[in-house]
Amino acid sequence: MVVFYPGRVRIFDTTLRDGEQAPGIDLSVEQKLMVARRLADLRVDVIEAGFPVASRAEYEATKLINQELSDRVEVIALSRCAKKDIEDTLSTGISSIHLFLATSDIHLQYKLRMSREQAIERILESVSYAKENGLTVEFSPEDATRSDRAFLSEAITAALSAGADRINIPDTVGVMEPFGMYNLVVEIKRLVGNKILSVHCHNDFGMATANTVAAVSAGAEQVHVTVNGIGERAGNTSLEEVVMALKKLLKAEVGVVASRLYETSRFVAEVTGVPVPYFKPIVGDNAFGHEAGIHVHGVLQNPQTYEPMQPEEVGNFRRIALGKHSGSYGLKVMLNERGLTLSDEQLKKVLDEIKAEAERGCHVSVDQAVEIARRVCLSVKA
Ligand code: KIV
Ligand code: ZN
């Protein structure tokens with residue numbers, strides 16, 4: 001396997017389209033606008049604003065997001081390969097369109113009730129029509145990763161011959177693993193040549209981030225992501241994870257302002273009502289959390305001992321917790337920062353009390369530790 005060393009990777013954010021498609025997430029036009037503004041501030045390269053034919057509000061939101069932000073960021077809208085859908089999308093004033101048509105046999109047979117020949121015809125007609133109307137076209141062969149490879153190539157070749165500007169490979173039901181994704185991207189990149197190749201991964205097996213990173217290693221220049229990984233079923237590739245993995249692990253250039261990741265994640269969690277998991281990489285509460293004495297000691301000496309990046313880089317915070325695994329060094333530093341200097345004997349007494357509490361299953365907060373320390377200082381001479 002040859003690792004392709006990426007240049008600049010384009011971040012295509014689909015929080016407001018695929019993310020919002022998730023059951024239980026319905027944003028008002030105003031909320032969509034607020035999220036779009038945050039995405040523009042985050043400096044993603046593309047905002048997929050919505051699916052205009054899905055509802056009046058989706059249409060309105062796409063139109064308004066495009067009006068307000070298209071001079072700062074590319075705004076795109078999803079559309080089926082159908083003339084009426086393309087016309088509706090065009091009437092929002094948008095200049096980029098994301099056309100999709102499924103290419104897997106299961107989708108062609110049970111969903112579209114179309115032959116492969118009809119699918120190729122539809123791709124040719126739709127991409128040509130969108131191009132004749134001056135649109136930038138990104139084409140997605142939906143369910144690409146379960147499509148017959150020869151037919152997938154045929155569909156992509158058809159889209160390119162009709163003028164598609166970018167090709168996106170959706171792993172619609174998240175069935176890829178990184179090695180398979182790498183090989184697929186190498187193969188498709190030969191067809192796509194100098195045009196941008198993108199990937200869109202779902203997280204059904206928890207592989208979305210790994211598959212997306214593998215795709216970039218293989219030569220993909222654009223990745224579809226959502227804030228907090230929200231999206232259909234187990235979600236999409238998480239923007240935060242991919243941005244930091246690309247920057248830190250592949251040393252790729254990414255336009256996103258990493259220090260805004262945490263606040264953007266919390267904002268999206270608030271408007272969608274979907275909380276950020278405690279252990280979520282990059283933006284979770286425990287992403288920079290430490291309790292074990294050895295870890296706390298290490299991190300306080302040099303954060304790199306137990307942190308692969310600094311919390312400030314992504315706008316998150318380091319959280320030092322107290323519990324059964326705490327050590328005296330971390331406790332001492334924590335109490336010193338709150339103006340308390342204890343002797344070794346006092347410190348041991350405080351630590352023993354904290355551990356006893358934790359062993360009973362009770363969480364000890366910093367304020368409680370300070371209270372214990374004050375009491376111990378009064379009862380045990382320094
Ligand atoms: O998952 C998918 O296949 C999609 C397409 C519309 C790109 O979201
Ligand atoms: Zn999707």
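The model is predicted, so local features need pLDDT of at least 70 and side-chain atom pairs count only at pLDDT 80 or more, while totals for chains, interfaces and linings use all residues. Residues are numbered from 1 along each chain as its sequence is written, chains are lettered from A and ligands numbered from 1 in the order in which they are written, and side-chain values use heavy atoms, with hydrogens and water left out.

**Around Gly 19**

Gly 19 sits in helix 1 (helices are DSSP runs of H or I with at least four residues, strands are E runs of at least two, numbered from the N terminus). Show its contacts, meaning heavy atoms within 4.5 Å. Beyond neighbours within four places in sequence, Gly 19 touches Thr 14, Ile 25, Thr 226, Ile 230 and Gly 231. Now pick Ala 54: its C-alpha atom is 14 Å from that of Gly 19, at 35 residues along the chain.

**The zinc ion**

Go to ligand 2, the zinc ion. Its protein donors are Asp 18 (OD), His 200 (NE2) and His 202 (NE2), at 1.9 to 2.1 Å. Donors are N, O and S atoms within 2.8 Å of the metal (3.2 Å for Na, K and Ca); water is not among the atoms, so sites may look incomplete. Asp 18 lies in helix 1 (residues 15–19) and His 200 in strand 7 (residues 196–201), so the pair ties together parts 182 residues apart in sequence. The spacing of the donors along the chain reads D-x181-H-x1-H. Asp 18 and His 200 are both buried.

**Helices 2 and 3**

Select residues 29–42 and 56–69. These are helix 2 and helix 3, whose axes come within 9 Å and cross at roughly 35°. Axes are lines fitted to C-alpha atoms, for helices over the stretch in contact, with angles from 0 to 180 degrees between N-to-C directions. On the helix 2 side, colour Val 29, Lys 32, Leu 33, Ala 36, Arg 37 and Ala 40.

**Thr 209**

Next, find Thr 209 in helix 9 (residues 208–217). Thr 209 is buried, at 17% relative accessible area. Leaving aside neighbours within four places in sequence, its contacts are Thr 237, Ser 238, Glu 241 and Val 242.

How values were computed: Buried means under 20% relative accessible area, exposed over 50%, partly exposed in between (1.4 Å probe, protein chains only).
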